[in-house]
Amino acid sequence: MVKLAHLLVATVGVLLVLNGCLARQSLGVPPQVKDACNLDNLDVLQPTETIKSEAGRLEYWDHNNPQIRCAGVSIARLVIEQGGFYLPTFFSSPKISYVVQGMGISGRVIPGCAETFMDSQPMQGQQQGHQGQQQGQQGQQGQQGQQGQQGQQQGQQGQQGQQGQQGQQGQQGQQGQQQQGQQGFRDMYQKVEHVRHGDVIANTPGSAHWIYNTGDKPLVIISLLDIANYQNQLDRNPRVFRLAGNNPQGGFGGPQQQQPQQNILNGFDPQVIAQALKIDVRLAQELQNKQDSRGNIVRVKGPFQVVRPPLRQAYESEQWRHPRGPPQSPQDNGLEETICSMRTHENIDDPARADIYKPNLGRVTSVNSYTIPILQYIRLSATRGILQGSAMVLPKYNMNANEILYCTQGQARIQVVNDNGQNVLDQQVQKGQLVVIPQGFAYVVQSQNNFEWISFKTNANAMISTLAGRTSALRALPLEVITNAFQISLEEARKIKFNTLETTLTRARGGQQPQLIEEIVEV
């Protein structure tokens, strides 16, 4: 009996393990086997599919590519033409974006939060009502003045006439109030913000957002979906949920999603929608967009009148966001901690905002959860870099995150080395291309006459470790360790350890020139 009990327990355990593996495969999560991530050969990647709409297009990289799949992300590039409107959309995964070009306005919808923006401008019916009321008061005062000059009898007659006029005015006022209730409604909605070149924007899963291009050139946005994030309770496929519009060409994410996609209201019975919104069935059917073939980026006809604050200066000071004073705890950020009012974007193209800056070489700016607390919630961060001339980024690796590096301007040579010390990538990267750099893989970037990029990282506070420079791993080692590890002389070990004084940026050529310690800009 004891052996039989042990056998039953073992059988149940094996079944549970098999069930778990099958469940992971059914959810699209690759099992943890030896070849789950084949990263022996990396490549420079370009978009594989384009979905066109009436006023723009969506370009995406195949998330089933082994490099992208292993990183657990999905990447897409959104292009909104002038006057184009990206309809309200939400995702099941956290999203972080960077505005590569253009400007516009964006709104987000967080369930349960109040409408803090309202249209305070009176409608046309309200203005007419106010004017009529002022004219009535002026006429009444004029009549009273004439009555004061006339006799008592005429005054009584005037009083009767005044009462009659007041009665008519009362009826007109009631009618005006009824018309005002129909025509003078003030719109209310959640926060609307300006977006412009250089902005990093964070979006939480399930929160719908929309974008309108207010500029005179296309608005280009590169976005990353963290489909491996703990908040995505579905499979490792990017899933798009539309509140409005549809996409006859299908959704992004691979061949399995190349089927026409409708908005989420399309699947409901029109009677149900009519009852929920207290509208007629005909209007409920209009919300389903069954005959709408414009796609998810539509062209706005006429002015797009949405109340929003004035546009801030091109390069504003960050002092108002981080005033000088006693340091605060990262967990104590006042109103920024509330989900309804926390900031969702930050501009990192301002040179004064740079974390690392070296004249004539370039700058590097990072944004993480200490900059925008919402990034702690979605567990993503970003880094913006600009190299001038033939500058280079010293060899380094990401300690706790995968990195997706996207070229926004220029070109550079990028080399990547894996855990076996093998060179898995040595190619030129140009504008519009990206490279996936796995966690722990060392890499170096050498500019080819100017290079600009944006990197998305799968950690709210991604950390790096350099292999050369003043704060590198080699600099931290004793000379005896270096001499014995590489079988070199003490003098050679000193050169390796102390010749490079920079921490991040240096010159790619002319290594014999005097070196300067870079400026660290405090923000």
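1. Contact, as the word is used in this note, means that heavy atoms lie within 4.5 Å. The structure discussed here is a predicted model, and the points below should be read with that in mind.

2. Leaving aside residues up to four places away in sequence, Ile75 touches Tyr60, Trp61, Ile68, Ile222, Ser223, Leu224, Ile404 and Leu434. Ile75 also belongs to the largest nonpolar core, which has 30 residues and in which Ile75 and Ile222 are the residues with the most contacts inside the core. Apart from this core lies another one, made up of 25 residues, with Val44, Leu405, Leu425 and Phe451 among them. In soluble globular proteins, nonpolar side chains tend to be buried together.

3. Asn398 counts as buried because its relative accessibility is 1%, where the cut-off for buried is under 20%. Its side chain makes a polar contact of 2.8 Å with the side chain of Glu403, and another of 3.1 Å with the side chain of Lys457.

4. On the surface, Tyr230, Ile339 and Tyr377 form a nonpolar patch, and together they have about 290 Å² of accessible area. Tyr377 is found in helix α7, which spans residues 374-378. With a relative accessible area of 39%, Tyr377 is classed as partly exposed, because that class lies between the limits of under 20% for buried and over 50% for exposed.

Key. Residues numbered from 1 in each chain as written. Predicted model: local features only at pLDDT ≥ 70, side-chain atom pairs only at ≥ 80, totals over all residues. Heavy atoms only, no water. Patch = residues over 30% accessible without salt bridge, like charges linked within 9 Å, V, L, I, M, F, W, Y side chains within 5 Å. Areas by Shrake-Rupley, 256 points an atom, 1.4 Å probe, with all protein chains shown as cover. Salt bridge = Lys/Arg side-chain N within 4 Å of Asp/Glu carboxyl O. Helix = DSSP H or I, 4+ residues; strand = E, 2+ residues; numbered from the N terminus. Buried < 20%, exposed > 50% of the residue type's maximum accessible area, 1.4 Å probe, protein only. Polar contact = N/O pair within 3.5 Å; in protein donor to acceptor, adjacent residues only side chain to side chain. Core = buried A, V, L, I, M, F, W, Y, C linked by side-chain atoms within 4.5 Å.
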